[in-house]
Amino acid sequence: MSEPTEHEIRQRYAIVEAPSTLGLKPTGVERLPDTLLKNGLAERLKARRAERVDPPPYGATRDDATQTLNADAIAAWTPRLADAIARVVTRGEFPLVLGGDCSILLGATLAFKRRGRFGLLFIDGHADFYQPDANPNGEAASMELAFATGHGPGLLTDFDVGSPLVRPEDTVAFGFRDGDEQRQYRSQPLPSEILALDLVTVRAMGVERAVAAALDRLAALGLDGFFIHLDADCLDDDIMPAVDYRLAGGLGWDELSAILASAMASGRAAGLEVTIYNPALDADGSAGRGPTDTLVGALTATSLC
């Protein structure tokens, strides 16, 4: 298949590199932006490389007050990432944010909360809704959905626009499959206001109907659009083993492509982030080529204004 031409790509994309491991551990996730860019992501999307927002140094000690690793560093870095995303949006471009771990979600949702009321399509193999005292490792990348929706310590939930960064009722958790782990470690449940479509539900409904239900929720009156969070561990472990916390099962490439293409075709998507793919766990690079191809296919499948 030939690559799309610049005329065919009517949406203007800009890449923000956010190689933070503050919410996880420095085992290689920080190399995600370099790897996807080496795979030609920017050139294939005709995307501008906007900024790189490097994080503060990593610390391996849990903060006593929040029971979270690097809490102060995340709180300080999140507004910097939000500012970088805002500069992209102000230019009329669609921000494509390359993490890093999932705690970068706080910067993205902060950027859009400053602009209005935006929803969240949260595509992830894990619900990431732990409370700090139940989180076995203190990693914010297991709690970011909780923090973004206002459940957690004020340092990580209440930024300059108040809490929550995204309302629970404006949020769809899509494709998670960690129910057994949630019960084992006693994670708090997702609030009833969040539309929760776990992988079992997605399979029962069929991907087409499930994503339609998600987009119906995100088309709610009063929303200015929605942001897409994409964690590589939403994918089937057989095709995406290059993640730190592996789970059996998951979405296939075609399914993910269809989900992203539908979200983009809605005309309501305002930005997208990619997290957790770890190049250090991908010796031959094959797992990393999949996200690049899938993003290019989905983001160019529909001409956007």
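This report looks at one helix pair and at the salt bridges of a predicted model.

## About the model

Residues are numbered from 1 along each chain as its sequence is written, and side-chain values use heavy atoms, with hydrogens and water left out. Because the model is predicted, local features need pLDDT of at least 70 and side-chain atom pairs count only at pLDDT 80 or more, while totals for chains, interfaces and linings use all residues.

## Where H10 meets H11

Let's start with two helices (DSSP runs of H or I, at least four residues, numbered from the N terminus; strands are E runs of at least two). Helix H10 spans residues 253–265 and helix H11 residues 286–299; their axes come within 8 Å and cross at roughly 35 degrees. Here, axes are lines fitted to C-alpha atoms over the stretch in contact, and angles run from 0 to 180 degrees between N-to-C directions. The crossing of H10 and H11 is right-handed, that is, the near helix is turned clockwise from the far one by less than a right angle.

On the H10 side, the contact (heavy atoms within 4.5 Å) involves Trp-253, Leu-256, Ser-257, Leu-260, Ala-261 and Met-264. Their partners in H11 are Ala-287, Gly-290, Pro-291, Thr-294, Leu-295, Ala-298 and Leu-299. By class, the residues of this contact are ten nonpolar, three polar and no charged. Nonpolar covers Ala, Val, Leu, Ile, Met, Phe, Trp, Tyr, Cys and Pro; charged covers Asp, Glu, Lys and Arg; the others, Gly among them, are polar.

## Salt bridges across the chain

Side chains of opposite charge can pair when their charged atoms come close. The structure holds 15 salt bridges, each a side-chain nitrogen of Lys or Arg within 4 Å of a carboxyl oxygen of Asp or Glu.

One of them joins Glu-17 and Arg-49, with the closest N and O atoms 3.1 Å apart. Glu-17 sits in strand E1 (residues 13–18) and Arg-49 in strand E2 (residues 48–52), so this pair ties together parts 32 residues apart in sequence. Glu-17 is buried at 6% relative accessibility; buried means under 20% relative accessible area, exposed over 50%, and partly exposed in between (1.4 Å probe, protein chains only). Glu-17 and Arg-49 also belong to a salt-bridge network with Asp-34, Arg-52 and Asp-54.

## Back to H10

Another salt bridge links Arg-203 with Glu-255, the closest N and O atoms being 2.6 Å apart. Arg-203 lies in helix H8 (residues 199–205) and Glu-255 in helix H10, so the pair connects parts 52 residues apart in sequence. Arg-203 is partly exposed at 40% relative accessible area, and Glu-255 is partly exposed at 23%.
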